[in-house]
Amino acid sequence: MPKHFMDEYEPLLLKDFEDSKKAKFPSLSLVLALCAACIGGTFQYGYNISIINAPTAYVHDFINQTWKERFQTDISEDVLTLLWSTIVSGYTIGGFIGASVGGVLSVKLGRKMTLLANNIFALTAALLLGLSYPAGLFELLIVGRLFTGINAGVAICVQPQYLGEIAPTSLRGAMGMGTSIFITGGILSGQVVGLKELLGREEYWPILLASTCIPAFLQLLILPWFPESPRYLLIDKGDEEGCKKALKQLHGAKCDQEWEDISQERNNLAGLTAKKPWELLRDRSVRWQLLTIVLLNAAQQLNGINAIYFYADYLFKQAGIPSDKIPYVTIGTGACECITALTCGMLIERLGRKALIGGGYSLMSICCILFTLTLTFQDASPIIPYLSMACVFAFILSFGLGPGGVTNILTTELFTQTSRSAAYIIAGSVNWFSFFFIGLVFPFIVIGLQQYCFLVFLVICFSVALYIFLVIPETKNKTFLEIQNEFNQSPNNRAASRADGVGTTLLSTSSI
């Protein structure tokens, strides 16, 4: 190649290389906005799942003591079990309520303001949980857990929307993984704080349960410094100046591509308003997207991850680990899931969503088979309990690799702005109902099938993996409009669109 040609084009090639390199990494402002949204969002969700385990025995004693003071008799075992189940299940009931209202609030108040307002539930819960013991009212535990559930339900509905809408297209998957990373970080933090060396002792359990106020205060201090979702500002509110200012703060001066994508989506959605859940359910043009998120959100709770954690303590004991050391080994499972979520965040923009979530469910299917075999032949050899432990960690790794993180990302990506909030209400309701259902039914499944219960989870994991590979398109590096068009171009959706008289293909910009 002539030297003068190289001299002329070398600066341009270097500039393109530097721009492409910069596109692979988020700005500092974007990373801080992610942390601010997640610390009081899905971190709370994970934290409140795990901290309730450590003080179980102490709460039982408190309920019995309070009952005896009131009625001068010990509480019966059945009533104690009922009250404890009510305290635990209050979280899932609250989550269902929160998911139902979260999408509505995100349209009325905006994504950022909903996350900030959501801290009212967390602070109220912390106050009630902390006062329960001094006031001698175990009823406050029930109401407090209900409020923590509402907080978690709103967060799991609104936070992924916020992250998906502030992220550039090329980083949407990695940013979306913040949801999973902070959930697992919350679970791990709750396990650590619940150790006896910290707040896991009897005299500290009210403080442990009330510590949910700390992430809420942190979010209230940090999140106000960051902007509202640019897509919400332009598409929902028509605020062009606010959108440009938000994009500049989040992405820096070079945000022309994101502005173009958002403007294109606004033009395609002109005249349309945010849909209600029942309107979305009636829209046959998005029925495959709806079926996908319903299936994936149900499977996220019904795939056997809860069964793995249920069997973990038993397997650790079988492997000869002393009972007083098991909480420390359990922290290893939390750390394992957290590390996997971080790994998934680094891989998602390279491998894509479909490969990670489909591969995750495929690996979980294999683990279900191996786990059934090792539990069946648990006493055949001293090495079998260790193989079972290996299956526990392999299953958790497989879950964290795809299903644990990619599910929420796909719920964001499969819908455009006017449908996304309603989609999250439906997805969140399904997720929380499945959470409640598995908690209610799982003990009976274990009693009836024992170790063969994993054959049920095998069928679920394999069926979902097959559906993912056959139906779901890859969404990596595609705009929301391009993803919508790809679904609309499938034979089933074209037929549905013609039946509804909606045959329009959305205009979209080229993918990055």
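Why are tryptophan 67 and phenylalanine 71 separated by about one helical turn? Keep that in mind as you open this predicted model.

**Stop 1: helix H4.** Select residues 56-71, which make up helix H4. Now pick out tryptophan 67 and phenylalanine 71. They are about one helical turn apart because they lie four residues apart in this helix. The model has 13 aromatic pairs. In the pair you have selected, the ring centres of tryptophan 67 and phenylalanine 71 are 4.7 Å apart. Their planes meet at 50 degrees, so the pair is tilted. Tryptophan 67 is partly exposed, at 22% relative accessible area. Phenylalanine 71 is also partly exposed, and its value is 46%.

**Stop 2: helix H23.** Next, select residues 417-449, helix H23. Find phenylalanine 433 and phenylalanine 437. These two are four residues apart in the helix, so about one helical turn separates them. Their ring centres are 6.5 Å apart. The planes are at 25 degrees, and planes under 30 degrees apart count as stacked, so this pair is stacked. Phenylalanine 437 is partly exposed, with a relative accessible area of 36%.

**Stop 3: a cluster.** Select Tyr45, Tyr91, Trp432 and Phe435 together. These residues form one aromatic cluster.

**Stop 4: charges over rings.** Which ring does the charged end of lysine 244 sit over? Select tryptophan 259 to see it: the charged end is 5.0 Å from the centre of that ring. Finish with arginine 420 and phenylalanine 480. Here the charged end of arginine 420 sits over the phenylalanine 480 ring, 4.2 Å from its centre.

Technical notes:
Residues numbered from 1 in each chain as written. Predicted model: local features only at pLDDT ≥ 70, side-chain atom pairs only at ≥ 80, totals over all residues. Heavy atoms only, no water. Phe/Tyr/Trp six-rings, centres within 6.5 Å; stacked < 30°, edge-to-face > 60°. Buried < 20%, exposed > 50% of the residue type's maximum accessible area, 1.4 Å probe, protein only. Lys NZ or Arg CZ within 6 Å of the ring centre and 35° of its normal.
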